[in-house]
Amino acid sequence: MSTAAFPRPGAVLADLLPAAATDTRARVRDAALVLGGAALTGIAAQIAVPVPGSPVPVTGQTFAALLVGASLGAGRGLLSLALYALAGMAGMPWFAGGTSGAGGATFGYILGMLLAATVVGALARRGGDRGVLRTAGTMAAGTALIYGVGVPYLALSTGMSLGQAAAAGLLPFLIGDALKAALAMGALPAAWKLAGRR
């Protein structure tokens, strides 16, 4: 197996950006990456399609959150999603469909994304985004964390049973999540291969 396809063990894609000459420039670069990750998640959240019978829409936000975690790593990924969540709670209308605020029925998914971006980032740092099967496992773990927080929160906030919440906030999304994972399975390993050719 060629080592060119796996540059810098322990790195994530963002680490391949040119190194900053000073600590201050490195902090500015990291801040820009964090802000960019939050903005990407907010933009992706505007791709929202209502699901009949469910308060949870299909969005691009979960895919963006997982991509941010994998690309930026655990620390920067967590900060990006924390910034996204805090700004939305403070009134920035960039939750799904241009909403904002805390406490809505779907807010648990946002909390799950915080956890998922962190775990996906840690897995990516261990090579979890460098091959098709590894990426599939990494995306599956992140997606499970999002639902693991989002579905119980949905049940609590709406008075649904856990089974009803799973029927409304999990089952309708499995096919879409499989498609998102397939995109990541192609994109992330391809990005590493391109980086290895530099």
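The largest nonpolar core of this predicted model has 43 residues, of which Leu81, Tyr84, Tyr109, Ile110, Met113 and Met139 touch the most other members. A nonpolar core is a set of buried Ala, Val, Leu, Ile, Met, Phe, Trp, Tyr and Cys residues joined through side-chain atoms within 4.5 Å, where buried denotes under 20% relative accessible area with a 1.4 Å probe, protein chains only. At least two core residues come from each of H1 (23-44), H2 (61-72), H3 (74-89), H4 (107-125), H5 (132-158), H6 (162-169) and H7 (174-196); helices are DSSP runs (H or I, at least four residues) numbered from the N terminus. H4 supplies the largest share, 9 residues.

Residues are numbered from 1 along each chain as its sequence is written. Local features need pLDDT of at least 70 and side-chain atom pairs pLDDT 80 or more, totals for chains, interfaces and linings use all residues, and side-chain values use heavy atoms, without hydrogens or water.

Two helix pairs are compared below, with axes fitted to C-alpha atoms over the stretch in contact and angles from 0 to 180 degrees between N-to-C directions.

| Pair | Axes come within | Crossing angle |
|---|---|---|
| H1 and H2 | 7 Å | roughly 160° |
| H5 and H7 | 9 Å | roughly 140° |

H1 is therefore roughly antiparallel to H2 (angle over 145 degrees). Contacts (heavy atoms within 4.5 Å) join Leu33, Gly37, Leu40, Thr41 and Ala44 in H1 to Gln61, Ala64, Ala65, Val68 and Leu72 in H2. By class, this contact has 7 nonpolar, 3 polar and no charged residues.

Conventions: Buried < 20%, exposed > 50% of the residue type's maximum accessible area, 1.4 Å probe, protein only. Parallel < 35°, antiparallel > 145°, perpendicular 65-115°, else oblique. Nonpolar A, V, L, I, M, F, W, Y, C, P; charged D, E, K, R; others polar.
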